[in-house]
Amino acid sequence: MKRIMAFLLSIMIVAGSVFSTPAVTKAYQVPSNLKWWANDRFGMFIHLGAYSSYGKGEWIMNVDKISKKKYQEEIASKFNPKNFNAKEIVSYAKKAGMKYIVITAKHHEGLALWDTKVESFKDYTGTKTFSLQQYTPFGASGRDILMELKNACKKAGIHFGLYYSILDWNHSSQTISGDFTKMRSMEARKAYIQDMKAQLKELMTTYDPEIMWFDGDWTLRKSNPTLEKWWTKADGKDLYRYLKSIKSSVIVNERVCRNFGIGDFECPEQTVPAADLTRPWETCQTMNNSWGYTKANEKWYRSSKSIVRELVDVVSKNGNYLLNIGPKGDGSMTPKSKTVLKGVAKWMKKNSESIYGAVKSPFKKTPSWGKYTRKGKMVYVHVNKWPKNGKLAVTRYKKYKVKKVTCISNGKKYKYSTKGKTVKLKVGKKAVNTVDTVFAIQYQ
Ligand code: H79
């Protein structure tokens, strides 16, 4: 009986350590080329491609099992983002407090959004280059939307980045196989990787991006590539080195070949980890559970309140947040994405100092009513659930002395008292900001 009890107890202890407070990770140094990025915390993702005009998301070719011929002739060749307005997008991003923008230069469907000159990226007939400029009616406009966006970003002081998919559903070297692709031959694999690098060099030299955001690396394998698992750790490492050789400061995500510790940051997708990770990270997130424009998902968007709270949660764990918009096929922003961004802008206007340059909570325990972020000796207290009695008990930061307490959400000073490990605040019975009220506790 005793042994059974001891056994049960040991299970409870193990389970307890897994399911109770999140593990505290060791502090890591942010590499110098990542400093601006880790400081800025908040960026905009843009998914735009031929799929956008179809309105069923960026995976439609795969999900609906559309052949290359049909996809290219019926979807890609009609893509015309004539209402793409870089200035407007950048203005929304800037007002929302976003400090960098990453746009899909090439998604899994393979349509290059720039005027690529790399020979092998042709349509199924092998005659026309599969690019926005050379394959679609938009080409006649002579516009370069990536350059328009880059220039608008530059003007607004926003960093510019590009997304690139390693696998390519429309390239002649590959065919769709399950969710991913299968290589035609080992020679095709070799040639494709070379051409992909040529496209990346084009992108890097033409647009001088500060971030290269990879994806579509799932056909990965540690070594010994096959036709199905044709991307290896060595390929990922080589790609990373190659990009750095073109521009040493470029920030590259881990999906050059994920799960091997390559790249500069990890990227949880549509999820926030329970605690800080062991190196810099960024959660990429959608507003309506779709990346590329999806008509059916326009009905429901998350509230700006839940987006703001997620941003705060991310920063309270040392992360970055990359929030997506999926413009329509004509390039225009959807009205509801504008509404969400406006809501975020409203909160950021007063409260952004608790985000920029802020790091994770200095405390192990996350309070039931909110979150903490910190900047030097300033602790930001984020209140989501307002105390009914108007009293807030906040954890005291180490052994420092409180100098003053200000609510940055309304600019007012607040009275406080300290008792042991607690700072007590009288905050009144009405929430200052129902999205997230921020008290800044200045220590000395
Ligand atoms: O670009 C966005 C996604 O298209 C890409 N990453 C973000 C940034 C991504 N591709 N795949 N995945 C993420 C995960 C794969 C999900 C899948 Fe499915 C589940 C593929 C097939 C089943 C989701 C549901 C996509 C199609 C159906």
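**Helix packing and loop residues**

Reader: How are the helices H11 and H12 oriented to each other?
Author: The axes of H11 and H12 (residues 335-351), each being a line fitted to C-alpha atoms over the stretch in contact, come within 8 Å and cross at roughly 55°. Angles between N-to-C directions run from 0 to 180 degrees, and those under 35 degrees count as roughly parallel, over 145 as roughly antiparallel, 65 to 115 as roughly perpendicular and the rest as oblique. The two helices, H11 and H12, are therefore oblique.

Reader: What kind of model is this?
Author: Residues are numbered from 1 along each chain as its sequence is written, and side-chain values use heavy atoms, with hydrogens and water left out. Local features need pLDDT of at least 70 and side-chain atom pairs count only at pLDDT 80 or more, while totals for chains, interfaces and linings use all residues, since this is a predicted model.

Reader: What is the handedness of the crossing of H9 and H10?
Author: Helix H9 (residues 186-207) and helix H10 (residues 233-246) have axes 11 Å apart and pack at an angle of about 25°, which makes H9 roughly parallel to H10. A crossing is left-handed if the near helix is turned anticlockwise from the far one by less than a right angle, and right-handed if clockwise. The crossing in which H9 passes H10 is right-handed.

Reader: Where does Thr286 lie?
Author: Helices (H or I, at least four residues) and strands (E, at least two) are DSSP runs, numbered from the N terminus. In these terms, Thr286 lies in the loop between strand S10 (282-285) and helix H11 (304-315).

Reader: Is Thr286 buried or exposed?
Author: The side chain of Thr286 joins that of Gln270 in a polar contact of 2.8 Å, where a polar contact is a pair of N or O atoms within 3.5 Å; within protein, one must be able to donate a hydrogen and the other to accept it, and residues adjacent in sequence count only if both atoms are side-chain atoms. The side chain of Thr286 also reaches the backbone nitrogen of Asn289 at 3.0 Å. Buried means under 20% relative accessible area, exposed over 50% and partly exposed in between, with a 1.4 Å probe and protein chains only. Because its relative accessibility is 1%, Thr286 counts as buried.

Reader: What is the phi of Asn224?
Author: Most residues other than glycine have a negative phi. Asn224, in the loop between strand S7 (220-221) and strand S8 (231-232), is exposed with a relative accessible area of 60%. Although Asn224 is not a glycine, its phi is positive, at about 50°.

Reader: What is the relative accessible area of Lys398?
Author: Lys398, in the loop between strand S14 (391-395) and strand S15 (402-407), has a positive phi near 45°. Lys398 counts as exposed because its relative accessible area is 59%.
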